[in-house]
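Student: I would like a close look at a single part of this model. Please take one piece, go through it carefully, and then set it in its surroundings.

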Amino acid sequence: MSLAPSIPVPRTRFNTLPLAIGLFCLLWSYAFVAGKIGVTHCPPLILLAARFSLAGILILGATLMRGDWSLSWRDAAIFAVLGIANNALYLGLGYTGLQSVSAGLGGLIVSANPVFTAALAALLLGEGMTWRKASGLLLGVIGVTLIVWHRLSVGTDSLHGILFTLASLASLVAGTILFKLLAPKGSLWIGNGVQNLAAGIALTPVALTFADVHAIDYTPGLIGAFAFLVLGGSILAYWLWFHLLKVCGATAASAYHFLMPPLGMLFAYLVLGEHVEARDLLGIIPVALGIYLVTRPAKLVS
């Protein structure tokens, strides 16, 4: 009796995309908590200068060791300029604000960046502004205003810190628009290394001039927060972000940012014990809906 030849059954490949999305959201959200811990034990400018410098050295060092440099001098210069806006100014202002605002509120304000980016892109880049995007922009502004007004009324966060955080948001939006205008080419991974190193070089003299090195409190919390910010924030989270941009596209990847406010407040509650009130959670709803409306791709009409 002859046996029929066995037919190989194709193996189903494991879809890693949901895992990448989940890990990216967790890392990006927790970065605000790690930043809050860091600035509690170290002047923010010193913390950021060290973080950016080390992350840039690690990324570019690994790239040069592999001999995988694929960035022109022009694009390297553009990424260096973007590093000033997207890294040095954005997080320099944001971490200064974190000294007197909660990690949850800081994450919430900055997470509204896709809404304001869409508005400026319509004005400066000629991108279409539909009623859906306009409604999303309005909802985002309303949601952030409600939470900020509530935090100020109950004295939870200071106006000084909120203004720094809003300036941080403006810098991030400006950096995003600048990226679209200059349109650098080449490896985004190498570009991230250039951005980090340029930000570290720019912040180091400022930090050494205006910050007190002796104010650093070398605690296990600071060391853990710094390690996370370098490896989990500047390196892994950004690698995942570029991966999602490549696999999902910019619009779909940006939509994941509306998950950051609730996750950020949850981490702040669990790790830092920050108080979360019902009005804060209600304010998240219009922000999340606004960002979703702005970043949701338009339906194709057949």
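Tutor: Start with a definition: buried means under 20% relative accessible area, exposed means over 50%, and partly exposed lies in between (1.4 Å probe, protein chains only). Helices are DSSP runs of H or I with at least four residues, strands are runs of E with at least two, and both are numbered from the N terminus. This is a predicted model, where local features need pLDDT of at least 70, side-chain atom pairs count only at pLDDT 80 or more, and totals for chains, interfaces and linings use all residues. Residues are numbered from 1 along each chain as its sequence is written, and side-chain values use heavy atoms, leaving out hydrogens and water.

The part is helix 5. Helix 5 has twelve residues. From first C-alpha to last, helix 5 reaches 16 Å, close to the 16 Å expected at 1.5 Å a residue; the expected span is 1.5 Å times one less than the number of residues. Its buried residues are Asn113, Pro114, Val115, Thr117, Ala118, Ala119 and Ala121. After helix 5 comes Gly126, with a positive phi near 75°.

Now take Phe116, which lies in helix 5, residues 113–124. Contact here means heavy atoms within 4.5 Å.

Next, the setting. The protein has twelve helices and zero strands. Of its 302 residues, 48% count as buried. Among contacts with a separation of 6 or more, 91% join residues 24 or more positions apart. The protein exposes about 15,400 Å², and carbon and sulfur atoms supply 72% of that area. Accessible areas come from the Shrake-Rupley method with a 1.4 Å probe; for residues, only the protein chains shown count as cover.

Finally, the cysteines. A disulfide is a pair of cysteine sulfur atoms within 2.5 Å. By this rule the count is zero. Cys25 is buried, at 3% relative accessible area. Cys42 is buried as well, at 6%.
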